[in-house]
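Trainee: I've got a new model to look through and could use a guide. Can we go over it piece by piece?

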Protein chains: 4
Amino acid sequence: MIKVGLLGAGRIGKVHAKSIVADPRTQLVAVSDVNMDAAQQLAASVGAVARNTADIIADPAIDAVLIATSTDTHAQLIEAAALAGKAVLCEKPVDLNLETALACQAVVSKAGRPVMIGFNRRFDPNFAAVKRALDQGEVGKAELLSITSFDPAPPPVSYIQVSGGLFRDMAIHDFDMACWMFGAAPTAVTAIGSSIVDPAIGAAGDVDTAVITLHFADGRIAVIKNSRRAVYGYDQRLELLGSDGLLQAGNVLENTVAKITTAGATSAKPEYFFLERYMKAYEAEWRAFVDAVQAGSAYPVTLQDGVTALAVAEAATLSWKQGRTVALKDGRPVV
Amino acid sequence: MIKVGLLGAGRIGKVHAKSIVADPRTQLVAVSDVNMDAAQQLAASVGAVARNTADIIADPAIDAVLIATSTDTHAQLIEAAALAGKAVLCEKPVDLNLETALACQAVVSKAGRPVMIGFNRRFDPNFAAVKRALDQGEVGKAELLSITSFDPAPPPVSYIQVSGGLFRDMAIHDFDMACWMFGAAPTAVTAIGSSIVDPAIGAAGDVDTAVITLHFADGRIAVIKNSRRAVYGYDQRLELLGSDGLLQAGNVLENTVAKITTAGATSAKPEYFFLERYMKAYEAEWRAFVDAVQAGSAYPVTLQDGVTALAVAEAATLSWKQGRTVALKDGRPVV
Amino acid sequence: MIKVGLLGAGRIGKVHAKSIVADPRTQLVAVSDVNMDAAQQLAASVGAVARNTADIIADPAIDAVLIATSTDTHAQLIEAAALAGKAVLCEKPVDLNLETALACQAVVSKAGRPVMIGFNRRFDPNFAAVKRALDQGEVGKAELLSITSFDPAPPPVSYIQVSGGLFRDMAIHDFDMACWMFGAAPTAVTAIGSSIVDPAIGAAGDVDTAVITLHFADGRIAVIKNSRRAVYGYDQRLELLGSDGLLQAGNVLENTVAKITTAGATSAKPEYFFLERYMKAYEAEWRAFVDAVQAGSAYPVTLQDGVTALAVAEAATLSWKQGRTVALKDGRPVV
Amino acid sequence: MIKVGLLGAGRIGKVHAKSIVADPRTQLVAVSDVNMDAAQQLAASVGAVARNTADIIADPAIDAVLIATSTDTHAQLIEAAALAGKAVLCEKPVDLNLETALACQAVVSKAGRPVMIGFNRRFDPNFAAVKRALDQGEVGKAELLSITSFDPAPPPVSYIQVSGGLFRDMAIHDFDMACWMFGAAPTAVTAIGSSIVDPAIGAAGDVDTAVITLHFADGRIAVIKNSRRAVYGYDQRLELLGSDGLLQAGNVLENTVAKITTAGATSAKPEYFFLERYMKAYEAEWRAFVDAVQAGSAYPVTLQDGVTALAVAEAATLSWKQGRTVALKDGRPVV
């Protein structure tokens, strides 16, 4: 039985707690949070103990930690946990700053302990089925990937201000999706953005609507469409044109019911947001982490993947600000 | 160039006139109607001449006639035209009375001229694709056929009263569809009916909602659902379960547009009624008739098909009235 | 915390065990089975104790029992548990014999403890959404209900022989669905059946393909299509025509992926069978049971519902055997 | 009756001939072509006369001309026909060279005769329904438009070489679609392209796969995805995110049939290419032209629209070649 410490008892920490508890191979023994009440409440509900973060990392009886704290603490907790010899699964992103992430990667590399980054969407059964079909050659050679990724409603401007901006905060998932699908990092990034959903987002120096094009060395192209607001719910689709056909992954709808009246045929909306849409993905993510820990095999999402996605996000931010295509070289945007 | 006389200048006569004109192999030379004005108007619009029915049939310069007159005249016109040596395409049904239809069949048989009956739905590209896939073994051996056939709105009660009833008037298309799909006539019929759409229809001695089950000698079953009213438009679907899978033919929608809002995803309604849904089928029906005439090959829908469908309709009517399953023997319901 | 004893540790018992464990309001304390090993294994995996059935029912510390034993034991266990004052949720059917079920109902009635029957499909989110929309008048007055209910593969003939036949074993779910949707029991039943999937099923005196039509007093009609084999997976759909429109509940597919090639657009199959399709329904069923127990309110599925569905199944069996429509009067088929 | 001369008897000329003949308000009286045989053959089949182009334009008895000749002759024929006082419908594009198109526009402007450009997709019933819904505010304020536009197979390289390149030849339709949907011309264009479908296309100095982003003054964004090859057929879709929802126009499929087997559910492919997909659009385009001619009202697609789309195409070509966003000012790309 793998003994697990959970760092972070917020919304996403609670999601992960469920997955840890549901997996018969893992036991959630400790929970920490900057808000001790939150840690105690979550710990109590799952038969774990609330402790402070440093103690959890220092405890040799704990085999693995799941980092679900605020983004600004990820890098240092990854480093500490890796140095302490834990198996580590850390929520995305590694950090909002590429240099910090690269430094973290250097420390982890020396520690010799790989770290898994929580790009949950790779574990969505729909996207995973597309990836499988692509890798099995079902549509031939990949040429053009198109990702639609809309949130149901914009976050408060106070969150926007500390989020690192749409490209680092929201599109980073899509950057990882594109790199994963194509099995490569892009060589250049072109980003276009607007603030038309809410002018307050523009006033905060960010965009709420964006189109980002990723160029790959062999000519493949990925295009990502982002919006902070799709009133009908979480819109998470992709399609991939290959030399022999097209693969599409559609939204997950609330039910399979249609009503046909004089107004037309109305079916259900997509699931509202990531907690609904990706609940199964979070569970599968945890199982994949435990599979790798038990087998001693490579993690399905690596720290390098987290750093690459962040580098693309930096390039996209730069591209948008400077109105030019930004090349990526040696894992960094060419300034 | 095949010279064609059109008998009947009503709504369906006009539809057929278009198909005759559009086919480069056929020329519409004469039109008749009990309403001479209607005949003249239609004739004028297509460069034909209005004549009376007897003259058209007697004219040796006319190669083919299309009978689109009122149902009670079909049998006698079929006979006259066949005896006159014309190629004949007659609208369904042959007659509302099975004995009349059988007598007509005897006359035609002696004349040695086959006649084609206008079961237009066989030429719908969707149903035709199902038939083709079935015949090519794509779902193995057929087992259970289900036909949904709803009209958008009930006809006036005055029409109901002379229509022969739902089973002869409306379901006859579905009976032919089932016999065609299965390549056989049923051995027994069970019909259930209600008048819940409009009590006036019940008062007129008819039903507006019905379920009819057809039993075939080898155990195959077909079930037909009819309603005089589907407010959202013409609902014409079928599905066929076979040993290796299911074939479905869906409605034809007004367009491919969907609107997704907080109320769900709304797409278009089905085409409103048969003139919209089956326009292509009418054209294909005419082309198939001309193909057979030119090739001297068997018609794709025979007079026997028309008689069989009518026999099933009589059996269904009897089944509904007597609350029992009615067997079919030697082409007649067992009373 | 409601303490629960689970009677039956087979396939469906294990499903229910998960739901009991997952509900924070209930604790699974005891498990019994005719196979003591099975009981012990399941009990061990959920922290419960394996006991014999009589002890569980006799134990005053146990508040509720879930009966998931073989069908022939349902009625007596319902009676015993009701007399012992337990809250009872029993798997369908009450019994294969209507008289036994009626006798059970009499005993339970005297005991004054209502019993819930496990018609799980009522708790499927899709069918539940249809029922809700219907009750809210979204398609007006109901007229014609059509249920498609195909299993992926026939059970072994040895099972067929003790199953009570397709109408009692398989269609009983659909009978309950129709009664629930329409809020009424039918007044007559017409059943047609064939053995075309597997002649061995016919040799065992049963059918594998059937169409059953239910007549309701006010003219509403329900038609049920059953097959023991849909090679593509569990096919569980319904559609309901009302005066203002149509409601449809579709299958639940394995994923949302489509692949479009020169062969067409291929999307996923339906979930394979009831364990996949109805897993959420089983969980919701348990929560609904606990809701009612805690609130002291009426169960959402009653023993009467179980008896009614069985009466319809008997009428359908009779109808099929005798080739006639069978009326239902005072809850019994008219022989 | 409007007397029409058709200039060009090639593939698209024949399509237009059908529409002219089918419209009862117009009579096709003359056909010209550089290939006199082709002109004579088409003229004979529709009861028109083959004449040379200059004669048709000079003939005062001819009211309207439809220009369906090779692209390099469009501008001069537009000018000649406008100066001759004809009503003019000219196939897209106006020219491959923006300056030539602007000069043509100046001539036409002096002649005081407006000219309609044949952007047929505006008349597709699906795209037209989206435009109508958008204009009626059904999804609120437009924010992000996404156009998918893939051909089934690349043209021969010999065609590529004289085509003006993908942006002028293929994407020009999509540029017009975006401008029409948004009711505005973009202020900047960013184009990314690759030659991964066929290296010979790259060798000819063109791309076969492209993503083009259009920026509009108020922050709206349109993104266009192009490929010269979608093996499954013509892929012509769009979706438009607005403040209150999403509008989608899907492909038109060959039929409504689905086959569900152990391999999944397979439905039909999209119509193969523009002649199949847009046949109805060509007919509607002609009717709209005649409507405007008869009413003396503005054309639904103007010469200015043709010039704007070409300016966007030039900007896209420049953007792709120079790897930078290209602004549009006063109707010209900023070099």
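Trainee: Which hand does the crossing of H1(A) and H12(A) have?

Mentor: The crossing of H1(A) and H12(A) is right-handed. Keep in mind that this is a predicted model.

Trainee: At what angle do those two helices pack?

Mentor: Helix H1 (residues 11-22) and helix H12 (residues 279-295), both of chain A, pack at about 60°, and their axes are 9 Å apart. At that angle H1(A) is oblique to H12(A).

Trainee: Which residues meet there?

Mentor: From H1(A) come Ile12(A), Val15(A), His16(A), Ser19(A) and Ile20(A). Across from them in H12(A) are Met279(A), Tyr282(A), Glu283(A), Glu285(A) and Trp286(A). By type, the residues of this contact are six nonpolar, two polar and two charged.

Trainee: Buried or exposed?

Mentor: Val301(A) counts as buried, because its relative accessibility is 0%, and the cut-off for buried is under 20%. Setting aside residues within four places in sequence, Val301(A) is in contact with Val115(A), Met116(A), Ile117(A), Phe119(A), Arg122(A) and Phe123(A).

Trainee: Now the cores. Which residues of the largest nonpolar core touch the most other members?

Mentor: That core has 105 residues, and the ones touching the most other members are Ile78(A), Phe175(A), Met181(A), Ile212(A) and Leu214(A). Helix H13 (residues 303-322) of chain A gives the largest share of this core, with 10 residues.

Trainee: Take Ile212(A). What is it in contact with?

Mentor: Leaving out neighbours within four places in sequence, the contacts of Ile212(A) include Phe167(A), Ala171(A), Phe175(A), Val189(A), Ile224(A) and Ala316(A). A second, separate core has 104 residues, among them Ala9(C), Ala133(C), Ala191(C) and Ala284(C).

Trainee: Over to chain C, then. How many residues of helix H6 are buried?

Mentor: Eight of the 11 residues in helix H6 (residues 125-135) of chain C are buried, which leaves the helix mostly covered. Among the buried ones are Asn126(C), Lys131(C) and Ala133(C).

Trainee: What do they pack against?

Mentor: The buried residues of H6(C) pack against strand S13 (257-261) of chain A, and in chain C against strand S7 (142-150), helix H9 (171-182), S11, S12 and helix H11 (274-277).

Trainee: How do H6(C) and H9(C) lie relative to each other, parallel or antiparallel?

Mentor: Their axes come within 10 Å and cross at roughly 25°. H6(C) and H9(C) are therefore roughly parallel, since angles under 35 degrees count that way. Phe127(C), Ala128(C), Val130(C), Lys131(C) and Leu134(C) of H6(C) make the contact with Met177(C), Trp180(C) and Met181(C) of H9(C). Those residues divide into seven nonpolar, no polar and one charged.

Trainee: Which residue just after H6(C) takes a positive phi?

Mentor: Gly137(C), with a phi of about 75°.

Trainee: And how do H5 and H13 of chain C cross?

Mentor: Helix H5 (residues 98-111) and helix H13 (residues 303-322) of chain C cross at roughly 165°, and their axes come within 10 Å. That angle makes H5(C) roughly antiparallel to H13(C). This crossing is left-handed, and the contact residues divide into nine nonpolar, two polar and one charged.

Trainee: Where is Asp244(C)?

Mentor: In the loop between strand S11 (235-242) and strand S12 (245-249) of chain C. Asp244(C) is partly exposed, with a relative accessible area of 40%. Not counting residues up to four places away in sequence, Asp244(C) touches Ile260(A), Thr261(A), Val231(B), Val139(C) and Gly140(C).

Trainee: Now the backbone. Which peptide bond in chain B is cis?

Mentor: One cis peptide bond runs from Lys92(B) to Pro93(B), with omega near -10°. Pro93(B) is in the loop between strand S5 (87-91) and helix H5 (98-111) of chain B. In chain D, the bond from Lys92(D) to Pro93(D) is cis too, with omega near -10°.

Trainee: Last one: what is the phi of Asp330(B)?

Mentor: Asp330(B) is not a glycine, yet has a positive phi of about 50°. Most residues other than glycine have a negative phi. Asp330(B) counts as exposed, at 74% relative accessibility. For Asp330(C) the phi is also positive, at about 50°, and that residue is exposed with a relative accessible area of 75%.

Note on methods
Residues numbered from 1 in each chain as written. Chains lettered and ligands numbered in written order. Predicted model: local features only at pLDDT ≥ 70, side-chain atom pairs only at ≥ 80, totals over all residues. Heavy atoms only, no water. Axes fitted to C-alpha atoms, helices over the stretch in contact; angles between N-to-C directions. Helix = DSSP H or I, 4+ residues; strand = E, 2+ residues; numbered from the N terminus. Parallel < 35°, antiparallel > 145°, perpendicular 65-115°, else oblique. Left-handed = near helix turned anticlockwise from the far one by under 90°. Contact = heavy atoms within 4.5 Å. Nonpolar A, V, L, I, M, F, W, Y, C, P; charged D, E, K, R; others polar. Core = buried A, V, L, I, M, F, W, Y, C linked by side-chain atoms within 4.5 Å. Buried < 20%, exposed > 50% of the residue type's maximum accessible area, 1.4 Å probe, protein only.
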